[in-house]
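Hi,

Here is the structure I promised to send over. Have a look at it first, and my notes follow below.

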Amino acid sequence: MSTHFPHLPPGGRPGIAGKGAIVTGGTSGIGEAVSRRLIADGAQVVAMAVGEEEIETAHERMPGLVDAIRVDVADPGAVGAAFAEADRLLAGAGTTLGILVANAGISIRHRFVDITPDEWRRVMAVNLDGVFYCAREAAVRMIQGDGGVILMTASTNGIVGHPLYADYNASKAGVILLARSMALELAPRVRVNAICPGYVMTPMQQAEYTPEMLEAADEKIPLRRHAQPGEIAALFAYLASDDGAYVTGAAIPIDGGELAGGLASRDWLRAPGSGVAAFPEE
Ligand code: NAD
């Protein structure tokens, strides 16, 4: 993954350079790309995640990372301790928390009638409760400090329904309204936004989808491919920076056009012989 961003000013990006940042799920997939991007933009980044190996290898994989802390975001006591540790680490790096990216999440692919109460609770505990615990820790610090930016990873699945992910979808819809409600209460000192990616090529996606399923999904996306994690990270960086200074309370899809239309836009245009394809099939 490229960490070279030639368009950035030397010394880092205004609004990000010199700030302390916490990225949950920050050592894998989308979160790793966000950590890398914020480091490149001049932030001091502490990543938090639950995977043992991704934490152990974080320093060698991600030069410039302040540290990686292993924590289960579903445990409020552990989240409090991890943020206290992050305070100490960021103080050592000469800064304080100015950016939170609450991104850690899980998904389980299963039919609605097969979802057990324990599975439902775990998905909610990580994806919604975990975002709340981290956002509250961050908000308290930012209100008392110099303000800040809180960004949450929701999903297009939090905006429209998607079969086989009822629990996940409900958790992501919750994240969107959590972000909007916090934005109202915390303005003007703290901006809060939800980012809603569509299909992104990450370990989570590769674990759940076979190559055939990935291909079938790509066929239905107007841009005909998954996003790369770095493309999603670029939106996070925009929102965290001074370029995004007027954006708060927003839920922003970044989805290759997935939400632009309904079923007709997905299937009808490409139906063989429909005669309405904008371009001949390659
Ligand atoms: P990933 O599996 O590569 O990364 C998930 C990260 O979350 C890992 O770092 C993992 O350690 C961390 N995590 C999981 N459970 C945790 C817990 N209990 N406590 C602390 N950390 C925990 O997945 P990804 O695709 O990069 O997903 C990142 C976020 O993006 C998730 O919230 C996911 O729902 C969301 N998302 C992903 C896609 C996609 O297509 N990949 C699309 C929309 C939204």
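**What turned up**

Helix H1 (29-40) and helix H7 (203-208) each contribute at least two residues to the shell around the ligand. Please keep in mind that this is a predicted model. The ligand is surrounded by 30 residues, and the closest are Gly 25, Gly 29, Gly 105, Thr 202 and Met 204. Sorted by class, that shell holds 14 nonpolar, 14 polar and 2 charged residues.

The other thing to look at is a helix pair. The axes of H5 (residues 117-144) and H6 (residues 166-186) come within 9 Å and cross at roughly 15°. Because angles under 35 degrees count as roughly parallel, H5 is roughly parallel to H6. The crossing of H5 with H6 is right-handed. On the H5 side, the residues that meet H6 include Trp 120, Val 123, Leu 128 and Phe 132, while the H6 residues that meet H5 include Tyr 168, Val 175, Leu 178 and Met 182. The contact of H5 with H6 divides into 13 nonpolar, 3 polar and 3 charged residues.

Val 175, which is found in helix H6, may be a handy place to start browsing. Is Val 175 buried or exposed? Val 175 has 26 other C-beta atoms within 10 Å, so it is buried. Leaving aside residues up to four places away in sequence, Val 175 touches Asn 127, Leu 128, Val 131, Met 152, Ala 154, Gly 158 and Ala 194. The C-alpha atoms of Val 175 and Asn 193 are 9.7 Å apart, with the two residues 18 residues apart along the chain.

Note on methods: Residues numbered from 1 in each chain as written. Predicted model: local features only at pLDDT ≥ 70, side-chain atom pairs only at ≥ 80, totals over all residues. Near = placed C-beta within 6 Å. Helix = DSSP H or I, 4+ residues; strand = E, 2+ residues; numbered from the N terminus. Nonpolar A, V, L, I, M, F, W, Y, C, P; charged D, E, K, R; others polar. Axes fitted to C-alpha atoms, helices over the stretch in contact; angles between N-to-C directions. Parallel < 35°, antiparallel > 145°, perpendicular 65-115°, else oblique. Left-handed = near helix turned anticlockwise from the far one by under 90°. Contact = placed C-beta atoms within 7 Å. Buried ≥ 20, exposed ≤ 12 C-beta atoms within 10 Å, placed from the backbone.
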